[in-house]
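Hi,

Here is the structure I promised to pass on. Have a look at it first, and then read my notes below.

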Amino acid sequence: MKKLLLVLFVILSQNAFAQWQAVNNGLYGGTVNCLAIKGNNIFAGTEGGVFLSTDNGNSWTQKNNELTETFVHSLAISGNNIFAGTLSGVFLSTDNGNSWARKNNGLTNTLVRCLAISGNNIFAGTFFGGVFLSTDNGNSWVEKNNGLPDTKIVTFAANGNNIFVGTDGEGIFLSTDKGNSW
């Protein structure tokens, strides 16, 4: 009876403790900085650009055509638009990453560390430049730093009208009015 219980315990414990498995086939380019999902497509932003998997990460394809800066800090998706935040600003793809266009009009700092989307609003967090807002799919950007004491933005979270930023030294700040005040 003890042997049967031991065997049963071993079998059940192996199933209870699932293991992580690597899904890196074709994925290269250094550190994976961010992930974004659009339907069955998984996008990875790396130090070597953007990669796409259409098979749950079993294989990856590089998607850097016209992406002139391949150090990708962040990705954000809104409908058919995929935004990439890079060391050289924001890039937009409207064709699943097959081509990219730079969208920096109004960005006074192009070291984009993070992106967030809330409705039709796209927020870009820059390191030393603060927060920027676009309401036209990245065609133009407006600085939104009123009341924000730290312009070293490292992360965003958006929930309805609440936009949270995490900074490099001053903590977390909230805006409830599209970044007009923090």
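At 0% relative accessibility, Ser134 counts as buried (buried means under 20% relative accessible area, exposed over 50%, and partly exposed in between, with a 1.4 Å probe and protein chains only). Before I go on, a word on the source: this is a predicted model, where local features need pLDDT of at least 70 and side-chain atom pairs count only at pLDDT 80 or more, while totals for chains, interfaces and linings use all residues. Residues are numbered from 1 along each chain as its sequence is written, and side-chain values use heavy atoms, with hydrogens and water left out.

Back to Ser134, which sits in strand S11 (residues 130–134). Strands here are DSSP runs of E with at least two residues, numbered from the N terminus. The Ser134 side chain makes a polar contact with the side chain of Asp136, at 2.9 Å. By polar contact I mean a pair of N or O atoms within 3.5 Å; within protein, one must be able to donate a hydrogen and the other to accept it, and residues adjacent in sequence count only if both atoms are side-chain atoms. A polar atom of the Ser134 side chain also lies 3.0 Å from the backbone oxygen of Ser140. If you leave aside neighbours within four places in sequence, Ser134 is in contact (heavy atoms within 4.5 Å) with Asn120, Asn121, Ile122, Asn139, Ser140 and Trp141.

Asn137 is not a glycine, yet it has a positive phi of about 60 degrees. Its relative accessible area is 38%, so Asn137 is partly exposed.

Lys178 has a positive phi of about 60 degrees too, and is not a glycine either. You'll find Lys178 in the segment after strand S15 (172–175), and at 44% relative accessibility it counts as partly exposed. Leaving aside neighbours within four places in sequence, Lys178 is in contact with Asn121, Phe123, Leu133 and Lys144. Thr54, on the other hand, is 124 residues from Lys178 in sequence and 34 Å from it in space, C-alpha to C-alpha.

Now the rings. How many aromatic pairs does a search of the whole structure find? The search finds two. Rings of Phe, Tyr and Trp (its six-membered ring) pair if their centres lie within 6.5 Å; planes under 30 degrees apart count as stacked, over 60 as edge-to-face and the rest as tilted. Phe123 and Phe156 make a tilted pair, 6.1 Å centre to centre with 50 degrees between the planes. Because Phe123 lies in strand S10 (residues 121–126) and Phe156 in strand S13 (residues 153–159), this pair ties together parts that are 33 residues apart in sequence. Phe123 is buried, with a relative accessible area of 1%, and Phe156 is buried with 13%.

Phe127 and Phe128 form an edge-to-face pair: 4.9 Å centre to centre, 75 degrees between the planes. Are these two buried or exposed? Phe127 counts as buried at 15% relative accessibility, whereas Phe128, at 57%, counts as exposed.

One more phenylalanine to look at: Phe164 is in strand S14 (residues 162–167) and counts as partly exposed at 32% relative accessibility.

Cheers

Technical notes
Helix = DSSP H or I, 4+ residues; strand = E, 2+ residues; numbered from the N terminus.
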